[in-house]
Amino acid sequence: AVKCMLNGMSIFLISSGIRICVNFERSATEEVVQIDPLNARILGIVFLTIFAIKGWLMWYVHCVHVAVFKDNYQLAKERELPYLRSVQNMMNGRRKGTGVPDV
């Protein structure tokens, strides 16, 4: 769920920027014009750019987060390997033992 949320957050930000841009364009073409068409286009492009940059930044942070997580996971896996081998050797030694239960 978290992976999907992080992947979808950048798409959501960019789509929100597109929606804001379209809303500015629509407000400039209504019968009762509330904003000049040139100003609407400028504002729309500015907000679209801001949201696109935020979306890209969120995607970049996600990629860095995944890379750091993979590195830390690999390091933890390497550090636990000697302990796993030791426990497996202890378990194998008891299974091959003298046949007398260790109770």
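**View 1. R26 in helix α1.** R26 is found in helix α1; helices are DSSP runs (H or I, at least four residues), numbered from the N terminus. With a relative accessible area of 54%, R26 is exposed. The cut-offs for such labels are under 20% relative accessible area for buried, over 50% for exposed and in between for partly exposed (1.4 Å probe, protein chains only). R26 and P37 are 11 residues apart in sequence. In space, R26 and P37 lie 9.2 Å apart, C-alpha to C-alpha.

This is a predicted model, where local features need pLDDT of at least 70, side-chain atom pairs count only at pLDDT 80 or more, and totals for chains, interfaces and linings use all residues. Residues are numbered from 1 along each chain as its sequence is written, and side-chain values use heavy atoms, with hydrogens and water left out.

**View 2. The salt bridge of E25 and R41.** The structure holds 1 salt bridge. The term stands for a side-chain nitrogen of Lys or Arg within 4 Å of a carboxyl oxygen of Asp or Glu. Here the side chains of E25 and R41 meet, at 3.2 Å from N to O. E25 belongs to helix α1 and R41 to helix α2, so the bridge ties together parts 16 residues apart in sequence. E25 is partly exposed, at 25% relative accessibility. R41 is also partly exposed, at 46%.

**View 3. Helix α1 along its length.** The 28 residues of α1 should span 40 Å at 1.5 Å a residue. The expected span is 1.5 Å times one less than the number of residues. The end C-alpha atoms of α1 are 40 Å apart, which agrees. A kink of about 30° is centred on G8. The bend at a residue is the angle between axes fitted to the seven residues ending there and the seven starting there. Buried residues of α1 include L13, G17, C21 and F24. K3 is also placed in α1, and K3 counts as exposed at 60% relative accessibility. K3 and H62 are 59 residues apart in sequence, yet 8.9 Å apart in space, C-alpha to C-alpha.

**View 4. The aromatic pair F24 and F47.** A search of the whole structure finds 3 aromatic pairs. Rings of Phe, Tyr and Trp (its six-membered ring) pair if their centres lie within 6.5 Å; planes under 30 degrees apart count as stacked, over 60 as edge-to-face and the rest as tilted. The ring centres of F24 and F47 are 5.7 Å apart and the planes meet at 35°, so this pair is tilted. It links distant parts of the chain: F24 sits in helix α1 (residues 2-29) and F47 in helix α2 (residues 37-95), 23 residues apart. F47 is partly exposed, with a relative accessible area of 31%.

**View 5. Rings along helix α2.** F69 and Y73 form a stacked pair, 6.2 Å centre to centre with 20° between the planes. Both residues lie in helix α2, 4 residues apart, about one turn of the helix. Both F69 and Y73 are exposed. An α-helix has 3.6 residues a turn, so residues three or four places apart point the same way.

**View 6. K54 over F51.** The charged end of K54 sits over the ring of F51, 5.6 Å from its centre. The cut-offs are NZ of Lys or CZ of Arg within 6 Å of the ring centre and within 35 degrees of the ring normal.

View 7. The structure holds 0 disulfides, a disulfide being a pair of cysteine sulfur atoms within 2.5 Å. C21 is buried at 15% relative accessibility. C63 is partly exposed at 32%.

Note on methods
Helix = DSSP H or I, 4+ residues; strand = E, 2+ residues; numbered from the N terminus.
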